[in-house]
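I set out to record, entry by entry, what could be looked up in this structure.

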Amino acid sequence: MLGSIHHVGYLARDLEDALRRFTARFGVEIVRRFERPQFALEGVYLGAPHGDVELFSFTDEQLLERRLGAAAKLTLDHVAYEVSDLAALESRMRGEGVRFAGPDLREELAAPVDLGGTLHLWTVPQTCWGQSLQLLQRLS
């Protein structure tokens, strides 16, 4: 039921510093920037036409500390998979005890979030083998 990998997400303490380092080291181009204020989230996609790599950070300092820890500057946060039937996969996973949240992992979600014509869910790591997976389905 999982489709192809859509992107890999890295959480950065300093988004602009991480962006400078990534583009210099790996020679990747900026595809687009985004902000999701409802999740205290800002970020940028790099790489292929839709962005293979996501660098992001939280504008809420307490949330950033809780998710990143005091020492780390950058960490692999999640892998995003594009799926063809998010509702079916969500139902199956919920039946196995997996819970879902938004990208900030602060509150559980009862249903996918529509962000610009794409439905999204993120697994609560403690319920999914310690992993945060982003599942997304394009609506058009």
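**Entry 1: Loop between β8 and β9**

I looked up S132 and placed it in the loop that joins β8 (118-123) to β9 (133-138). The model is a predicted one, and I read every value below with that in mind.

Is S132 buried or exposed? Its relative accessibility is 9%, and because the limit for buried is under 20%, S132 counts as buried. I then listed its contacts, leaving out residues up to four places away in sequence: S132 touches D77, H78, V79, T123 and P125.

In the loop between β8 and β9 I also found W129. W129 is not a glycine, yet it has a positive phi of about 55 degrees. With 77% relative accessibility, W129 counts as exposed.

A110 has a relative accessibility of 75% and so counts as exposed. Which residues does A110 contact, leaving aside its neighbours within four places in sequence? I noted E90 and R94. I also checked A110 against S84: the two are 26 residues apart in sequence, and their C-alpha atoms are 19 Å apart in space.

L105 lies in the loop between β6 and β7. I recorded a positive phi of about 60 degrees for L105, although this residue is not a glycine. L105 is partly exposed, its relative accessible area being 21%.

**Entry 2: The largest pocket**

I looked up the largest pocket and noted a volume of about 320 Å³. Of the 21 residues that line the largest pocket, R32, R36, Y45, H120 and Q134 are the closest to its centre. Which elements each supply at least two residues of the lining? I listed β2 (30-36), β3 (41-46), β4 (53-58), β5 (74-83), β8 and β9. Sorted by class, the lining of the largest pocket holds eight nonpolar, seven polar and six charged residues.

**Entry 3: Nonpolar cores**

The largest nonpolar core has 25 residues, and I noted those that touch the most other members: L11, L41, F56, F58, M93, F100 and L135. Two or more residues of this core come from each of β3, β4, α2 (61-68), β5, α3 (86-95), β8 and β9. Another core lies apart from it and has nine residues, among them L19, V44, L46 and V53.

Leaving aside neighbours within four places in sequence, L41 is in contact with F34, E35, R36, F56, S57, F58, T59 and P103. One of these contacts, R36, is also one of the residues closest to the centre of the largest pocket.

**Entry 4: Helix α2**

Which residues of α2 are buried? I found L63, L64, R67 and L68. Seen down the axis of α2, the buried residues fall within an arc of 110 degrees, so they line one face of the helix. The face turned away from that buried side carries Q62 and R66, which are exposed. I finally looked up what covers the buried residues of α2, and the cover includes β1 (2-12), β4 and β5.

Terms used
Residues are numbered from 1 along each chain as its sequence is written. This is a predicted model: local features need pLDDT of at least 70, side-chain atom pairs count only at pLDDT 80 or more; totals for chains, interfaces and linings use all residues. Side-chain values use heavy atoms; hydrogens and water are left out. Helices (H or I, at least four residues) and strands (E, at least two) are DSSP runs, numbered from the N terminus. Buried means under 20% relative accessible area, exposed over 50%, partly exposed in between (1.4 Å probe, protein chains only). Contact means heavy atoms within 4.5 Å. On a 1 Å grid over the protein atoms alone, a cavity is a set of points where a 1.4 Å probe fits but cannot get out, and a pocket is an open set with protein on both sides within 12 Å along at least five of seven lines; lining residues have an atom within 4 Å of a point. Grid points are joined across faces, edges and corners, and a volume is the space filled by probe spheres set on the points. Ala, Val, Leu, Ile, Met, Phe, Trp, Tyr, Cys and Pro count as nonpolar, Asp, Glu, Lys and Arg as charged, and the others, Gly among them, as polar. A nonpolar core is a set of buried Ala, Val, Leu, Ile, Met, Phe, Trp, Tyr and Cys residues joined through side-chain atoms within 4.5 Å. The arc is that of the directions from the helix axis to the C-beta atoms.
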